[in-house]
Amino acid sequence: LALITGLGWTSGLRFYAGAPLRTSEGHVLGTLCVLDRVPRALTEVQERALQALGNQVSRLLDLRLARLELDHWLAVEANKLEALRAAEEFKTRMIECSRDCIKVLDLDARLLSINAGGMEELEICDFAPLRHLPADRTAVLGLVTTKHSALEAQDDLLRRIEQATAY
């Protein structure tokens with residue numbers, strides 16, 4: 001009753017009825033209670049209503065906790081996603097700034113990309129015709145634009161394309 005006294009109630013409390021507030025795991029958090037200075041008795045309907053209200057408050061507390069936990073995990077996942085995005089951006093910048101020839105292949109060893117350093121090293125001006133290069137690489141020889149003169153041997157150009165798509 002110290003809590004009641006602390007809320008301004010004086011002695012003279014004559015009626016108390018309460019319904020326990022339990023978590024979904026069964027832990028008791030407290031009670032939903034009705035207090036009065038006048039003696040009373042609850043009817044069976046009132047007792048069931050108080051119990052239903054207690055259950056409703058318990059479920060709302062569970063939902064609030066679940067929402068707080070969900071918000072926390074959403075924030076954690078958003079932070080992970082941002083870190084992944086930043087790491088991917090950093091990796092892309094590092095690859096693009098490198099003077100080395102860096103190629104990205106798919107699991108079927110098809111060329112997906114090549115960095116600017118690689119294009120310069122292999123003297124390739126346009127990567128688009130090389131993207132997803134088919135197994136018969138000679139089919140795209142006429143599509144590739146290079147710094148080479150038109151008179152340069154096709155063998156040299158084919159070697160450069162093979163070099164670009166090699167593991």
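The structure is a predicted model. Helix 2 (residues 44–97) has 54 residues and reaches 79 Å from its first C-alpha to its last. Ten salt bridges are counted, and the largest nonpolar core has six residues.

**Strands 1 and 2**

- Strand 1 (residues 15–22) and strand 2 (residues 28–36) run antiparallel and are joined by eight bridges.
- Phe15 is positioned opposite Asp36, a residue of strand 2.
- Five residues lie between the two strands of this hairpin, and Gly26 there adopts a positive phi near 95°.
- In a regular strand, side chains alternate between the two faces of the sheet.

**Helix 2: span and burial**

- The end-to-end reach of helix 2, 79 Å, is close to the 80 Å expected at 1.5 Å a residue.
- Buried positions in helix 2 include Leu50, Gly54, Ser58 and Asp62.
- Strand 1 and strand 2 are among the elements that cover the buried residues of helix 2.

- Side chains of opposite charge can pair when their charged atoms come close.
- Glu77 and Lys80 form a salt bridge in which the closest N and O atoms are 3.3 Å apart. These two residues are three residues apart in helix 2, so about one helical turn separates them. Glu77 is partly exposed, at a relative accessible area of 43%.
- Glu89 is partly exposed, with a relative accessible area of 31%, whereas Arg93 is exposed at 53%. Through salt bridges that share partners, Glu82, Arg85, Glu89 and Arg93 form one network.

**Nonpolar core**

- The members of the largest nonpolar core are Leu111, Ile114, Met119, Leu122, Ile124 and Phe127.
- Apart from its neighbours within four places in sequence, Phe127 contacts Leu111, Leu112, Ser113, Ile114 and Met119. Leu111, Ile114 and Met119 are core members as well.

**Asn115**

- Asn115 occupies the loop between strand 4 (111–114) and helix 3 (116–121).
- Asn115 is buried, at 0% relative accessibility; the threshold for burial is under 20%.
- The side chain of Asn115 makes polar contacts with two backbone atoms: the oxygen of Asp100 at 2.8 Å and the nitrogen of Gly118 at 2.9 Å.
- When residues up to four places away in sequence are not counted, Asn115 touches Ile95, Glu96, Ser98, Asp100, Cys101 and Ile102.

**Glu123**

- Glu123 has a phi near 55°, a positive value in a residue other than glycine.
- The loop between helix 3 and helix 4 contains Glu123.
- With 27% relative accessibility, Glu123 is partly exposed.

**Gln163**

- Gln163 is part of helix 4 (residues 154–165) and is partly exposed, with 39% relative accessibility.
- With neighbours within four places in sequence left aside, the contacts of Gln163 are Lys103 and Leu122. Leu122 is also a member of the largest nonpolar core.
- Gln163 and Lys103 are 60 residues apart along the chain, and their C-alpha atoms are separated by 10.0 Å.

Note on methods:
Residues numbered from 1 in each chain as written. Predicted model: local features only at pLDDT ≥ 70, side-chain atom pairs only at ≥ 80, totals over all residues. Heavy atoms only, no water. Core = buried A, V, L, I, M, F, W, Y, C linked by side-chain atoms within 4.5 Å. Buried < 20%, exposed > 50% of the residue type's maximum accessible area, 1.4 Å probe, protein only. Contact = heavy atoms within 4.5 Å. Pairing = 2+ DSSP bridges. Helix = DSSP H or I, 4+ residues; strand = E, 2+ residues; numbered from the N terminus. Salt bridge = Lys/Arg side-chain N within 4 Å of Asp/Glu carboxyl O. Expected span 1.5 Å × (residues − 1). Polar contact = N/O pair within 3.5 Å; in protein donor to acceptor, adjacent residues only side chain to side chain.
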